[in-house]
Amino acid sequence: MENLTRSMLLRSSSMRWFVNSCIYVHSEAFQDLPRITCPLKIQKKIQYARDKKLKESFLLNQQKKRRGPLIISCKRRQYNFYQGEAFNEFDTHKLVSCGWKTNKRLDDYFTILPYSNNPSISETSCSFQELGINEKLCEGLRQLGITSPTEIQQYAIPRLLRGSNAICTAETGSGKTLAYLLPAIEWIIRQKLYFKSNEGDESRYNNLNNPNTVIITPSRELTEQVMSVAESLKPYADFDPFLLGNSRKHNQTPMDMLISTPGSLMKQLKSKQISCLNLQHMIIDESDTLFDDSFISDIQKILQMFHVQVVENEDNNGLLGGTQIVLVSATMPDGVETILGDLMPLDAVAKISTQGLHRLQPHVKQKFVRINTQSKGQKLVEIVKSNIDKNEPTLIFVNNNKTCYYLDKMLNDNGISCLKLNGEMSSKERIGVFRKFKDGFLNVLVATDIASRGLDTVNVQHVINYDFPTFISDYIHRVGRVGRVGSTEGQVTSFVTHKWDVELVWKIEIAARKMRKLQDVNANIKMKLSELDTAKNDVFELNII
């Protein structure tokens, strides 16, 4: 033990001598070098910068612990955004799209990732029968694979069954068609039962060219779709739906439910082919389009020709004391109340909407690519060929008819067979185009915004905005072609080319980072034309007929 202690002391003393020698040599070597001193003010600045960096690092680590899943994935990872992070919308430099107005950011991109389930699917359990739909019709819905109502259907069906005038707004693909069709069918059945019980003879109910319900849509394709849904329900309910053609004269035809575009309906009303004696329900689908300056005069004339007297109180009997008016849309401009004030008392209108209205679809992947005009065609061909290999139906949107024809030819020249749909095509050319696409005859469709309103595109898995939409309302409708109720997950790819495109991307990115509604949702087409002309002195073609 004593030997061990002596050995340790010798070692420690030797180490001490070695260290002292090194210090002496070090000081001798550097004693002739000049001494540099730092002013106290600069020392404080350096210390402040160090403390600030440490504080920011600490806060960042704390934020990482608290933040949720990744919401925005960027090519430049420093712009990634996580759920729960704070964001100041006035600090535009934190937007990944901030510098996209210059060509320095070409090929940059960011993606809004899915972070929630489809908001249209209600979390509360409820049946159609509990909402007031008869058992036979409920059985028909089950046979069609529809077992439970969506959120908007739960809100709208009871109110419409009470006879309320209503503005019914909900996100795209949420089941709005059934939300107004089912109550309309129930009212038709009630009216027939009323005549049978009060008059003793159901034959007193005359529906020859004399509809109980009129449904107006902005396009031929949408009328065909609504008619298809109505016909699928006909075996389970006693009613006769009828699709009004463009010019054909109709003799005495049973029509409890008349479905038409404004132009076709106006022609038949002027020739006095349609009676208004039974009319109790007027449904205006895609009302944001039909109530803008381009269509409102036709709608007003139709209401006058039908001698519409708005229902002022609700009724549970077989007949209403007037005509129930229902407006349906996925977007609704802020000034719609001003327009409605000329048609009906606003205090008699029920406003029915969902939480997902005017919000980005949280279950749809949305990618934005900064690209120049020369590269768009090649990039489009690459994406479409990849989708064809994966058997993914693809819907390509453009802003005008000319580009629609150009892309149709360009894709075919590159060995990609596709369909096209635009407002310049004749009725004969357009008939069946959308049905072919929906039935899988071809998996690529190039279209203007005529295909963005209301059409049920449950088969579409990829939407490509070859031309970036000019307005928020157009973007909402285009994105709504994927991720619909009953469809598989889809994605949207948007090419951002022009400076005016970037300004809209800013609004979308801010809404995604703030988790809030999209701002300035407006659908007035004539106002759009004037704004667009002022903004970029270009031509914007209206493709809705």
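This is a predicted model: local features need pLDDT of at least 70, side-chain atom pairs count only at pLDDT 80 or more; totals for chains, interfaces and linings use all residues.

Trainee: Then what makes β6 and β7 a pair?

Mentor: There are 3 bridges joining β6 to β7, and pairing asks for at least two. So the pair passes that cut-off, and the two strands run parallel. Within it, L243 stands opposite I259 in β7.

Trainee: Why is β6 called an edge strand?

Mentor: The sheet has 7 strands in the order β6-β7-β5-β8-β9-β4-β10, with parallel pairing. β6 (241-243) and β10 (349-353) each pair on one side only, and that puts them at the edges. From one strand to the next, the twist averages 15°.

Trainee: What about the other sheet, which strands form that?

Mentor: That open sheet has 9 strands, ordered β2-β1-β3-β11-β16-β15-β12-β14-β13, and its pairing is mixed. β2 (81-82) and β13 (419-421) have a single partner strand each, so one side of each has no neighbour in the sheet.

Trainee: How do you know that β11 pairs with β16?

Mentor: Count the bridges: 6 of them join β11 (residues 365-370) to β16 (residues 491-496). At least two are needed, so these parallel strands count as a pair. F368 stands opposite S494 in β16.

Trainee: F368 again! What makes a set of residues a nonpolar core?

Mentor: The residues must be buried, come from a list of nonpolar types, and be joined through side-chain atoms within 4.5 Å. The largest such core has 86 residues, and F368 is among those with the most contacts inside it, as are F110 and L182. Helix α6 (residues 176-199) gives the largest share, 10 residues. Both domain 1 (72-118 + 360-527) and domain 2 (128-353) supply at least three residues.

Trainee: Which residues does L182 touch?

Mentor: Leaving out residues up to four places away in sequence, L182 touches F128, I133, L137, L141, I157 and L233. Another core, of 28 residues, lies apart from that largest one, with F242 and L290 among its members.

Trainee: And which residues are called buried in helix α8?

Mentor: In α8 (residues 262-270), they are P262, S264, L265, M266, Q268 and L269. Buried means under 20% relative accessible area, so each of those six falls below that cut-off. Their cover includes β5 (213-216), β7 (257-260), α9 (287-290) and α10 (296-305).

Technical notes
Residues are numbered from 1 along each chain as its sequence is written. Side-chain values use heavy atoms; hydrogens and water are left out. Helices (H or I, at least four residues) and strands (E, at least two) are DSSP runs, numbered from the N terminus. Buried means under 20% relative accessible area, exposed over 50%, partly exposed in between (1.4 Å probe, protein chains only). Contact means heavy atoms within 4.5 Å. Axes are lines fitted to C-alpha atoms, for helices over the stretch in contact, and angles run from 0 to 180 degrees between N-to-C directions. Domain bounds come from an automatic or database domain assignment.
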